[in-house]
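Please open the model in the viewer and keep the sequence at hand. The tour below moves from one selection to the next.

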Amino acid sequence: MSTSLEMKNIQKFYGPLHVVKDFDLHIQPGEFVTFLGPSGSGKTTALKMIAGFETPTSGDIFLGKQSIVDLPAYERGIGMVFQNYALFPHMTVAENVAFPLTVRKAPRQETKEKVDRALELVKMEQYGGRYPNQLSGGQQQRIALARAIVFNPGILLMDEPLGALDRHLREHMKIEIMRIQKQLNVTVVFVTHDQDEALTMSDRIAVINEGRLVQVDDSKSLYGKPKNRFVASFVGESNILPCQVERVENGAGNVTVAGIAPGVAQLTGQSGGDRGWLFVRPEHIDIGPRQPSPGSINALDGVVENALFLGEMTRYLVRCGDETITVKQQNRGLGHFPGGTQVTVSWKPQDCTILN
């Protein structure tokens, strides 16, 4: 049975270093939540505290209604999948998967039935007699996953589990992990620095920076409505331009973009006279031949510095005064603008937001 997880005001110090700060997070039973952040942000330390490999300096952690902060790792009933698989080389696949049941002294027949079921879930039922060194990286990761779920844990922790796989295998394993999670209805906490993994797999994403939760949201909200510049720049590709709010009309801001162009943008609590940062995604920017249109809203004249063909789309870098704008345009019969072309880039008011 899946269970809820709650972290209440978790703090973690290593000497004077404050690595996890004010962590408050509630995860519902059966939810897939990803800790996303750059290296050194504190995401793996937070996961280790849930697992019992690290002890919080203060705060509490609950599985369901039970506080686990003082329980040793082996009594928490938590499944764990590591990046390096951590399989025992001297054990067969079946023995590796059976290990959590063996240490729990489960009856032999029950162990065999659960191992068979776990191997079937990960589509490795024919490999029980092999050893880890006889398996590919993707197969070893499947065995590590089977071992983590064989004892029906209430929660499954995954620390960069796809980091050692090549791109093709990563894409395949993402789908497999999502399938197994839904089939078992197990609560998952997944750690990664890969935003594509987070956006694809998660019910919610907890973005972590410098030890703090800076935004916890579903993928669409996180991508479309980031709360600050860090989230906007870390999750997906973005343009973040300096601007000043001149006045507020009908809930939107009339702004000056990059000190040179008039614009209109969505506000996040700013008032007239405030300085901020205009956020707009590259795919929401239009690019076209330079046209004399003085006073156009949300439009900047520039010169193409680089045009990179990516198959289904072209990625442009356009120099507009002191700023460089990234544009992504689908290649569907639209014009192509080679380096050195004078162009105008523009975007709609509903597609841009002012961030502090």
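Which ring does the charged end of R104 sit over? Select R104 and F151: the charged end of R104 lies over the ring of F151, 4.1 Å from its centre. A charge sits over a ring if NZ of Lys or CZ of Arg is within 6 Å of the ring centre and within 35 degrees of the ring normal.

The model is predicted: local features need pLDDT of at least 70, side-chain atom pairs count only at pLDDT 80 or more, and totals for chains, interfaces and linings use all residues. Residues are numbered from 1 along each chain as its sequence is written, and side-chain values use heavy atoms, with hydrogens and water left out.

Next, select R281 and Y223; R281 is placed over the face of Y223, at 3.9 Å from the ring centre.

Turn now to the aromatic pairs, of which the structure holds 6. Rings of Phe, Tyr and Trp (its six-membered ring) pair if their centres lie within 6.5 Å; planes under 30 degrees apart count as stacked, over 60 as edge-to-face and the rest as tilted. Select F23 and F35, an edge-to-face pair with 6.1 Å centre to centre and 80° between the planes. This pair links distant parts of the chain, with F23 in strand β2 (residues 17-27) and F35 in strand β3 (residues 32-36), 12 residues apart. Strands (E, at least two residues) and helices (H or I, at least four) are DSSP runs, numbered from the N terminus. F23 counts as buried because its relative accessibility is 0%; F35 is buried, also at 0%. Buried means under 20% relative accessible area, exposed over 50%, partly exposed in between (1.4 Å probe, protein chains only).

Finally, select F53 and F82, whose ring centres are 6.4 Å apart with planes at 20°, so the pair is stacked.
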